[in-house]
Structure formats: structure tokens, C-alpha cells
Amino acid sequence: MVKLEVKDDRLKVKVAGAIQALTMKAPSFLPILWKVPIVEKELGNMHVATDGKAIYLDPESAGRLATEELAAMLLHAALHIALRHVDA
């Protein structure tokens with residue numbers, strides 16, 4: 001189960017749709033998303049970011065993404081975590 005720390009209901013629905021899309025298209029990457037929380041956080045000019053401990057979503061800009069775009073960005077962030085491509 002994905003740990004979702006998002007207050008914005010619209011963003012929750014969007015993330016749920018993105019996770020569902022990943023379940024269908026890239027299920028082998030879901031365990032990465034189960035290990036880190038997805039957290040709502042203002043990021044300025046970024047939609048999605050990670051520090052290796054969590055995946056952060058900007059509520060305004062990530063909320064404007066199409067579901068497939070958000071799924072791709074979550075997958076991208078998960079791969080950064082899996083491959084340890086994060087700044088310490």
C-alpha cells in the first residue's frame with residue numbers, strides 16, 4: 001500500500017489514478033513506491049521531487065498534470081530512489 005500524505009482531495013484522486021496506471025503498465029516498480037511516502041509539498045518550479053526518503057508533489061503544478069504524466073513522474077522519482085540517484 002502506498003503511503004500518501006496529501007491533503008488536497010483533487011491531488012489524492014490524481015495520485016490514485018497514477019498508481020492504478022502504474023499497476024497496469026509497470027507493476028514491478030510498485031514495491032519502490034510502497035517503501036516511501038508520497039508527500040504534498042510546495043516545490044516552486046518542479047512538479048515532483050525526491051530526496052530518497054520520500055516523493056514530493058507540488059499540489060498546484062502536479063495537480064495540473066494528466067494522470068499518465070503524473071504516473072511517469074512518480075515512476076521517474078521511484079527509479080531515482082531505486083538507483084540511489086539522489087543527493088545525500
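Predicted model: local features only at pLDDT ≥ 70, side-chain atom pairs only at ≥ 80, totals over all residues.
User: What makes H1 and H4 count as roughly perpendicular to each other?

Analyst: Helix H1 (residues 9-25) and helix H4 (residues 67-82) pack at an angle of about 70°, with their axes 8 Å apart. Angles of 65 to 115 degrees count as roughly perpendicular, and H1 and H4 are therefore given that description.

User: Which residues make that contact, and how do they divide by class?

Analyst: On the H1 side the contact is made by Lys14, Val15, Gly17, Ala18, Ile19, Ala21, Leu22 and Lys25, while H4 contributes Thr67, Glu68, Leu70, Ala71, Leu74 and Leu75. By class, the contact of H1 with H4 has nine nonpolar, two polar and three charged residues.

User: What places the buried residues of H1 on the same side of the helix?

Analyst: The buried residues of H1 are Leu11, Lys14, Val15, Ala18, Ile19, Ala21 and Leu22. They cover an arc of only 160° around the axis, which puts them on the same side of H1. In general, an α-helix has 3.6 residues a turn, so residues three or four places apart point the same way. The face of H1 turned away from its buried side carries Asp9, Val13, Gln20 and Met24, which are exposed.

User: Against which elements do the buried residues of H1 pack?

Analyst: Their partners are strand S1 (4-5), helix H2 (30-35), strand S2 (38-40), strand S4 (55-57), helix H3 (59-63) and H4.

User: Why is lysine 14 called buried?

Analyst: Buried means under 20% relative accessible area, and lysine 14, at 19%, therefore counts as buried. Leaving aside its neighbours within four places in sequence, lysine 14 is in contact with Gly63, Leu65, Ala66, Thr67 and Leu70. The C-alpha atoms of lysine 14 and glycine 63 are separated by 7.0 Å, although these residues lie 49 residues apart along the chain.

User: What makes arginine 84 exposed, and where does it lie?

Analyst: Exposed means over 50% relative accessible area, and arginine 84, with 72%, is therefore exposed. Arginine 84 lies in the segment after H4, and it has a positive phi of about 60° although it is not a glycine.

Technical notes:
Residues numbered from 1 in each chain as written. Heavy atoms only, no water. Axes fitted to C-alpha atoms, helices over the stretch in contact; angles between N-to-C directions. Helix = DSSP H or I, 4+ residues; strand = E, 2+ residues; numbered from the N terminus. Parallel < 35°, antiparallel > 145°, perpendicular 65-115°, else oblique. Contact = heavy atoms within 4.5 Å. Nonpolar A, V, L, I, M, F, W, Y, C, P; charged D, E, K, R; others polar. Buried < 20%, exposed > 50% of the residue type's maximum accessible area, 1.4 Å probe, protein only. Arc of directions from axis to C-beta.
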